[in-house]
Amino acid sequence: MKDIGLCEKDTSGSDVSIDTYHVPVLGQELIAGLAVRAGGHYLDATLGGGGHTSLILAAAPDVTVVAIDRDEQAIRFCQARFANSPVEFWHGNFAEYQSPEAEFDGIIADLGVSSAQFDTPERGFSFRHPAQLDMRMNQQQSLTAEEIINHWEEVKLADIIYKYGEERLSRRIARRIVQGRPFQTTTELAGAIASSFPPKQRNGRIHPATRTFQALRIAVNSELASLETFLNQAPRWLKPGGRIGIITFHSLEDRPVKHQLRGTPNLQVLTKKPIGPQSEEVARNPRSRSAKLRLAERIT
């Protein structure tokens, strides 16, 4: 999970407050691995609440940052937060960003849904509260989770639940969804998914709907396809000696990051094994427990 962006009172972005936000995941490790240099130019490809950008700006003098996020609410929040800082904002999917070659001294990406998105019920990422089936990171796009759940055919539903959620009961869940639709809220859907499981598996540590909700979110936002495009492009944007650091939260993200960093000829991998959070960070922020950081450096 990325750092939190918006306070609960600010749902429109018109009255932005920065009174509370989470410490960014693996912040110290990322900044150390990035080796931020004075006068450096950096790209934060997943801005969120600006936690990592703030750390980059504080790490050395005369640093500048280009900050990307597909969530317009996050952009508005950070425009207020960094109103007097050398930050340039770009609203959109990082897969669509274009940069001149060899422009940045460092690039970072903190993948997945941000805590601000997850903790805002009306965004529909969580089933903790009843909300519309939305899950769009960019609320200007047309595809929503509601469209997928209520209109996609059963086989296609089962395929994305299996592929993006790694859910072994994907076919049973898809059948139950088709039988019970239309669904209006996240909690209705979560209940139907849970009913697809044997009774003994419905009250475990992880809610039965967790993997299916992950799959829907990935499908709605084309997360893995966007990541593939970004990983192909980003190394070209680094200056020689520039570094890239990417934080992932599950194996579907981590595998392509690992293979692409290793397989890019002009990159030298700096992390033989991914860096995980220390126990103190996990105690402070339980959502960081699955985070993995991989780093690489552009060689001449």
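This is a predicted model: local features need pLDDT of at least 70, side-chain atom pairs count only at pLDDT 80 or more; totals for chains, interfaces and linings use all residues.
Trainee: How many aromatic pairs does a search of the whole structure find?
Mentor: Rings of Phe, Tyr and Trp (its six-membered ring) pair if their centres lie within 6.5 Å. Planes under 30 degrees apart count as stacked, over 60 as edge-to-face and the rest as tilted. The search of the whole structure finds 5.

Trainee: Is the pair of Tyr97 and Trp237 stacked or edge-to-face?
Mentor: The ring centres are 5.4 Å apart. The planes of Tyr97 and Trp237 stand at 85°, so the pair is edge-to-face.

Trainee: How many residues apart in sequence are the parts that Tyr97 and Trp237 tie together?
Mentor: Helices (H or I, at least four residues) and strands (E, at least two) are DSSP runs, numbered from the N terminus. Tyr97 lies in the loop between strand S3 (87–91) and strand S4 (104–110). Trp237 lies in the loop between helix H10 (223–233) and strand S5 (238–248), so the parts tied together are apart by 140 residues.

Trainee: Are Tyr97 and Trp237 buried or exposed?
Mentor: Buried means under 20% relative accessible area, exposed over 50%, partly exposed in between (1.4 Å probe, protein chains only). Tyr97 and Trp237 are both buried.

Trainee: Which residues form one aromatic cluster?
Mentor: Tyr97 and Trp237 belong to it.

Trainee: Which residues does the UniProt annotation "binding site" cover?
Mentor: The annotation comes from an unreviewed entry. UniProt positions are given in the numbering used here, feature names are shortened, and annotations may be inferred rather than shown by experiment.

Trainee: What is the relative accessible area of Asp69?
Mentor: Asp69 sits in strand S2 (residues 64–69). Asp69 is buried, at 8%.

Trainee: Which residue's backbone nitrogen does the side chain of Asp69 reach?
Mentor: Contact means heavy atoms within 4.5 Å. Leaving aside neighbours within four places in sequence, Asp69 contacts residues including Thr46, Leu47 and Trp90. The backbone nitrogen reached, at 3.5 Å, belongs to Leu47.

Terms used
Residues are numbered from 1 along each chain as its sequence is written. Side-chain values use heavy atoms; hydrogens and water are left out. A polar contact is a pair of N or O atoms within 3.5 Å; within protein, one must be able to donate a hydrogen and the other to accept it, and residues adjacent in sequence count only if both atoms are side-chain atoms.
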